[in-house]
Amino acid sequence: MTDLHAAIEEHKDLPEDKQKQAGQAIEGPMSQQSQDFLQTVLALIKDGKIDPLNTQTFMKVKVYESLDPEWKAKTDLAIVNISSQLQRIKEFYESDKTPNSSPHLEQMIAELWQMKERIEVKADVFVF
């Protein structure tokens with residue numbers, strides 16, 4: 001805890017322009033796996049095959065319907081977060097204020113992948 005307090009004390013008078021700079025996404029390389037998954041998801045969105053605002057578009061309904069009630073409930077909870085994460089990734093990538101290759105973007109992709117995988121240990125529920 002002392003290190004945290006020391007860091008806060010050291011940076012307490014950080015000028016506003018430096019504070020803004022510290023909060024911006026940085027450009028940096030992403031793994032090939034992250035790039036490939038990102039391109040798959042973005043292509044599905046661009047082609048209109050999935051809509052981040054419509055959870056039914058990125059879920060395989062027949063697979064979902066075959067799930068037992070426990071896994072349906074888990075999927076229902078996860079799908080809201082997956083939808084939100086898809087929106088954030090799309091907005092980040094499309095923004096002219098953020099880089100298209102970034103550790104921040106890669107982290108968002110990794111979180112999306114984890115959410116997807118937690119459900120797909122049971123069944124291949126999602127289109128992507």
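In which helix is the place of K116? K116 sits in helix α6, where helices (H or I, at least four residues) and strands (E, at least two) are DSSP runs numbered from the N terminus. The structure is a predicted model, in which local features need pLDDT of at least 70 and side-chain atom pairs count only at pLDDT 80 or more, while totals for chains, interfaces and linings use all residues. Residues are numbered from 1 along each chain as its sequence is written, and side-chain values use heavy atoms, with hydrogens and water left out.

Helix α6 comprises 18 residues (residues 103-120), which should span 26 Å at 1.5 Å a residue; the C-alpha atoms at its ends are 25 Å apart, in agreement with that value. The expected span is 1.5 Å times one less than the number of residues in the helix. At the start of α6, the backbone nitrogen of H104 has a side-chain oxygen of S102 within 3.0 Å.

Buried residues (under 20% relative accessible area, with exposed over 50% and partly exposed in between; 1.4 Å probe, protein chains only) of α6 are L105, M108, I109, L112, M115, K116, I119 and E120. Seen down the axis of α6, these residues fall within an arc of 130° and so line one face of the helix; the arc is that of the directions from the helix axis to the C-beta atoms. Their cover includes α3 (32-46) and α5 (69-94).

K116 counts as buried because its relative accessibility is 5%. Leaving aside neighbours within four places in sequence, K116 is in contact (heavy atoms within 4.5 Å) with F37, I82, F126 and F128. K74 is 42 residues from K116 in sequence, and the two are 11 Å apart in space, C-alpha to C-alpha.

Helices α3 and α5 also pack against each other, at an angle of about 95° and with their axes 11 Å apart. Axes are lines fitted to C-alpha atoms, for helices over the stretch in contact, and angles run from 0 to 180 degrees between N-to-C directions. The two helices, α3 and α5, are therefore roughly perpendicular (65 to 115 degrees) to each other. On the α3 side the contact is made by L38, Q39, V41, L42 and I45, and on the α5 side by L86, I89, K90 and Y93.

S83 also lies in α5 and, at 7% relative accessibility, counts as buried. A polar atom of the S83 side chain lies 2.4 Å from the backbone oxygen of P52.

Terms used:
A polar contact is a pair of N or O atoms within 3.5 Å; within protein, one must be able to donate a hydrogen and the other to accept it, and residues adjacent in sequence count only if both atoms are side-chain atoms. Angles under 35 degrees count as roughly parallel, over 145 as roughly antiparallel, 65 to 115 as roughly perpendicular and the rest as oblique.
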